[in-house]
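Here's a quick briefing on helix packing and aromatic rings. Have a look at the model first, then read on.

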Amino acid sequence: MHRLQTIEGIFSTTVEFLKLEKIEVAGVRGNALGQMVQQIYMEFLEVIKIFADSKYNSLDADEHKFEEDYAVFQNAIEDFDRRLSMIISQGFNDCSNIASAVKMLNMFGFFIKRPLIKEEMFEKYAIMVDMANRDLDDIKLIFDAHLNETEERGGFPYINKNMPLVAGELKWALEVTERMEVTMKYFRSFEHTYRSDDEAKLLLNKYAEMKSLLEDFSGKVYDEWITKVDEDCRFNLNQPLILRDTSTGLISVSFS
């Protein structure tokens, strides 16, 4: 049974290491790191030939040559793990935001779970929590700046071009909310690692507070529009559809 479990482990490791062929690392050092990954892949193909070229029966529990080859295989895998850990760490350090950091770690998904790499990567999760915190802090600054600019401009905020005031305000709030949700989507992809961490709890509280502020903002804009919409409609409906310029006598439509 132990021999069968060992062979199963070899197959599982092989399946995952073969995925290295398609990994492409982005970032400042993406090309160099990608070449290092491919070098590991090529070396792995050579190592696995130990079993592919063997003449003995791997299922024979009395065959000690298998144990010798397996020891060589394990030593090589440990070396690959250390090198991959270094590559992942360098690639992670080139990431400027939580989205690229999570994508980087997901690219090496299986390898992150390997003991040698997992220990090295654990501290990276704390860095991603900090990235998410900075994103939410930036969103709060954008929100506060928008309110200040609106007040300074006498209630006329900067909104998307060619949009009416109310729709523009609601659209702006929606865009800020969507940006925040993207950050939280990536955070939730590794949240289980930090469910009991104080920094993660602080982040979740900050998210809940910011979401509440945006919802209150949108609700206030809508409620203010509701209070005036009947009066605005009556005023506009009482206006003529066709106007005549008294100085020129020309006729124009009144759709404003």
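This is a predicted model: local features need pLDDT of at least 70, side-chain atom pairs count only at pLDDT 80 or more; totals for chains, interfaces and linings use all residues.

Residues are numbered from 1 along each chain as its sequence is written, and side-chain values use heavy atoms, with hydrogens and water left out.

**Helix α1 against helix α3**

- Helix α1 (residues 2–17) packs on helix α3 (residues 64–93) at an angle of about 35°, and the axes are 12 Å apart. Axes here are lines fitted to C-alpha atoms over the stretch in contact, and angles run from 0 to 180 degrees between N-to-C directions.
- Helices are DSSP runs (H or I, at least four residues), numbered from the N terminus.
- The α1–α3 crossing is left-handed, meaning that the near helix is turned anticlockwise from the far one by less than a right angle.
- On the α1 side, the contact is made by Arg3, Thr6, Ile7, Ile10, Thr13 and Phe17; α3 brings Phe66, Glu67, Tyr70, Phe73, Ile77, Phe80, Asp81 and Leu84. Contact means heavy atoms within 4.5 Å.
- Those contact residues split into nine nonpolar, two polar and three charged. Ala, Val, Leu, Ile, Met, Phe, Trp, Tyr, Cys and Pro count as nonpolar, Asp, Glu, Lys and Arg as charged, and the others, Gly among them, as polar.

**Aromatic rings**

- The count comes to nine aromatic pairs. Rings of Phe, Tyr and Trp (its six-membered ring) pair if their centres lie within 6.5 Å; planes under 30 degrees apart are stacked, over 60 edge-to-face, and the rest tilted.
- One of them is Phe17 with Phe80, a tilted pair at 6.0 Å centre to centre and 50° between the planes. This pair links distant parts of the chain, with Phe17 in α1 and Phe80 in α3, 63 residues apart.
- Phe17 and Phe80 are both buried (under 20% relative accessible area; exposed is over 50%, partly exposed in between, with a 1.4 Å probe and protein chains only).
- Phe17 and Phe80 also belong to one aromatic cluster with Phe44, Phe66, Tyr70 and Phe73.

**Thr13**

- Thr13 is in helix α1 and counts as buried because its relative accessibility is 10%.
- Neighbours within four places in sequence aside, Thr13 is in contact with Phe44, Phe73, Ile77 and Arg114.

Notes:
Helices (H or I, at least four residues) and strands (E, at least two) are DSSP runs, numbered from the N terminus.
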